[in-house]
Amino acid sequence: MVTLRDVVRKLELEVLTGEGLLDRPVSSGYAADLLSCVIARAKSGGVWVTLQSHANVVAVASLLGLAGVIVTEDGRPDDDILARAESEGVVLLGTPSTTFTVVGSLTALGVREASSAV
Amino acid sequence: MIPPLIVRRAQELGLGLIAITDHNACDNASAVQEAARGSGVTVLPGLELQTREEVHILCLFFSSQSCRQWHDHVQALLPDLPNDEDHFGPQFVVDATGEWARTEERLLAASADLTVEEAVQGVHSLGGLAIAAHVDRPSYSLISNLGFIPQNFRADALEVTPRFVPSTGYAKWPQLADWPLVVSSDAHRLCEMQRRTLFRIADPKGSDLPMALRGEGGRSARVHWPAA
């Protein structure tokens with residue numbers, strides 16, 4: 001199974017928080033910007049791709065126990081949000097790429113949606 | 001929605017206070033205020049802001065100057081794109097009689113580059129009222145877009161749609177119990193106007209609405225809920 005470190009290297013992501021947590025395996029992937037959908041559909045241990053950078057992104061990632069979050073299109077969370085992510089063990093990864101491109105790259109790396117990952 | 005007809009419909013419904021909240025703009029508010037002069041209907045100027053998270057926030061003001069200041073601030077944070085009338089419809093600005101004054105060429109159906117928290121803070125700094133719009137809707141709402149009400153969110157109230165039923169609504173979104181709720185009609189047509197929220201206030205101009213929403217000083221806000 002690919003790890004966050006593999007994802008960071010292959011997709012050339014910027015590690016915004018959780019530098020020490022990159023050995024986490026990535027068990028699945030999910031992409032959406034409506035956090036209500038993410039709460040309903042994303043799975044623990046998965047990576048979530050979104051362009052939202054609101055504080056609730058950290059709360060949702062923590063709540064669901066996600067491996068990490070890729071924030072696309074240079075959506076830069078505020079410093080207090082980064083601090084909260086760091087303290088809650090939420091890995092935030094940044095990229096100027098779009099969600100479309102990131103999801104394509106993740107698929108090429110073998111990351112699949114939770115329901116089809118069995 | 002022609003200003004004199006809005007006022008007439010408000011009178012028919014027994015509405016003493018209405019607000020004009022176009023999308024990301026307040027250009028039509030003054031026309032309705034003028035049309036309402038002497039009618040007994042108070043018109044609050046405002047706008048329905050769309051934030052960076054695509055959340056709609058109703059921004060209401062008790063002075064036209066404050067509203068205009070907020071409008072200017074919001075407009076500067078919108079992407080500089082032209083409106084496509086085929087898709088979004090023409091964005092008319094009218095006068096107090098309903099005559100065409102001008103057409104807004106800039107796309108208003110877009111997000112201003114500020115967070116929901118920054119929006120509330122900005123409105124409050126200008127003495128206005130910030131209400132998260134239609135939080136029970138599946139799109140452009142605080143709860144659908146951000147999953148739940150953010151910890152640092154300091155709006156004055158939450159608006160639910162006229163279809164909201166307390167018995168099922170509170171069960172679905174338990175967080176709502178911590179907030180004053182209002183129902184407004186979000187009318188895009190005259191026939192959609194409704195009288196649903198009753199404010200007990202001392203100032204007919206509505207400047208004590210924030211107190212009413214907090215239930216202070218003998219003021220109150222009460223919603224007429226539909227039968228479950």
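Buried residues make up 42% of the 118 residues in chain A, where buried means that 20 or more other C-beta atoms, placed from the backbone, lie within 10 Å of the residue's own. In chain B, 39% of the 228 residues count as buried. This is a predicted model, in which local features need pLDDT of at least 70 and side-chain atom pairs count only at pLDDT 80 or more, while totals for chains, interfaces and linings use all residues. Residues are numbered from 1 along each chain as its sequence is written, with chains lettered from A and ligands numbered from 1 in the order in which they are written.

**Chain A overall**
- Chain A has 5 helices and 5 strands; helices (H or I, at least four residues) and strands (E, at least two) are DSSP runs, numbered from the N terminus.
- Along the sequence, these elements follow the pattern α-β-β-α-β-α-β-α-β-α.
- Of the contacts in chain A with a separation of 6 or more, 51% are between residues 24 or more positions apart; a contact means C-beta atoms, placed from the backbone, within 7 Å.

**Chain B overall**
- Chain B has 8 helices and 10 strands.
- With a radius of gyration of 17 Å, close to the 17 Å from the globule rule for 228 residues, chain B is as compact as a globular protein of that length.
- The box filled by the C-alpha atoms of chain B is roughly 45 × 40 × 35 Å, taken along the principal axes.
- Among contacts in chain B between residues at least 6 apart in sequence, 65% join residues at least 24 apart.

**The sheet in chain B**
- Six strands form an open sheet with mixed pairing, in the order E1-E2-E3-E6-E7-E8 (chain B); two strands pair if DSSP finds at least two bridges between them.
- Strand E1 (17–23) and E8 of chain B stand at the edges with a single partner strand each, so one side of each has no neighbour in the sheet.
- Neighbouring strands of this sheet are turned by 35° against each other on average, direction ignored; axes are lines fitted to C-alpha atoms, for helices over the stretch in contact, and angles run from 0 to 180 degrees between N-to-C directions.
- Strand E3 (residues 56–60) of chain B pairs with E6(B) in the antiparallel sense over 4 bridges, and Leu58(B) has Ile131(B) in E6(B) as its bridge partner.
- Helix H3 (residues 64–76) of chain B packs on the sheet and touches strand E2 (42–50) and E3 of chain B, its direction making about 15° with that of E2(B).

**Around strand E7 of chain B**
- Strand E7 (residues 157–160) of chain B is covered on both faces: Ala157(B) and Glu159(B) on one side, and Leu158(B) and Val160(B) on the other, are all buried.
- Strand E6 (residues 129–132) of chain B runs parallel to E7(B), joined by 2 bridges, and Ala132(B) stands opposite Leu158(B).
- E7(B) and strand E8 (residues 181–183) of chain B also run parallel, with 3 bridges, and Glu159(B) stands opposite Val182(B).
- From E7(B) the chain crosses through helix H7 (residues 166–172) of chain B to E8(B) in a right-handed β-α-β crossover, meaning that with the strands pointing away from the viewer, the path from the first strand over the helix to the second runs clockwise.

Methods: Buried ≥ 20, exposed ≤ 12 C-beta atoms within 10 Å, placed from the backbone. Rg over C-alpha atoms; globule rule 2.2 N^0.38 Å. Contact = placed C-beta atoms within 7 Å.
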